[in-house]
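Here is a short briefing to read with the model open beside you.

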Amino acid sequence: QVQLVESGGGLVQAGGSLRLSCAASGRTFSSLLMGWFRQAPGKEREFVAVISRSGRLTHYADSVKGRFTISRDNAKNTVYLQMNSLKPEDTAVYYCAADPDLLYTGRVFREGEYDYWGQGTQVTVSS
């Protein structure tokens, strides 16, 4: 079992920055592929970013590429999402996801492929 707890969400003005954190417990963090998803009001949950077990490989949704950075600190069992140049359309609940079996291949994994999810943290970007 893996438990994920997101933090760092809040209200920020357009153009501002936030850093989300996701702390994992329950098993060896370095064995987990980690991802971030988000869900805006009335919208489907969408992929944001993914990072390999080593942290060396990352992939982003086109909508956030160049603005968001996913990273991980395996010693702290934590994955981060640094969000810069935030836009109102980034407003959503952001979810951390983990999977012990998926391997980074460059393919975007769908929501249903991740075994574990956090509770989500709200990010609101005002215009």
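Accessible areas here come from the Shrake-Rupley method with a 1.4 Å probe, and for residues only the protein chains shown count as cover. By that method the chain exposes about 6,300 Å², with carbon and sulfur atoms supplying 46% of it. This is a predicted model, in which local features need pLDDT of at least 70 and side-chain atom pairs count only at pLDDT 80 or more, while totals for chains, interfaces and linings use all residues. Residues are numbered from 1 along each chain as its sequence is written, and side-chain values use heavy atoms, leaving out hydrogens and water.

**Fold**
- The chain has 0 helices and 11 strands, counting DSSP runs numbered from the N terminus (helices: H or I, at least four residues; strands: E, at least two).
- Its C-alpha atoms fill a box of roughly 40 × 25 × 25 Å along the principal axes.
- Of the 127 residues, 45% count as buried, meaning under 20% relative accessible area with a 1.4 Å probe, protein chains only.
- Among contacts (heavy atoms within 4.5 Å) between residues at least 6 apart in sequence, 59% join residues at least 24 apart.

**Disulfide**
- The structure holds 1 disulfide, defined as a pair of cysteine sulfur atoms within 2.5 Å.
- C22 and C96 form this link, with their sulfur atoms 2.1 Å apart.
- The pair joins distant parts of the chain: C22 sits in strand β3 (residues 18–25) and C96 in strand β9 (residues 92–99), 74 residues apart.
- The link of C22 and C96 is left-handed, with -80 degrees about the S-S bond.
- C22 counts as buried because its relative accessibility is 0%, and C96 is buried with a relative accessible area of 0%.

Conventions:
Buried means under 20% relative accessible area, exposed over 50%, partly exposed in between (1.4 Å probe, protein chains only).
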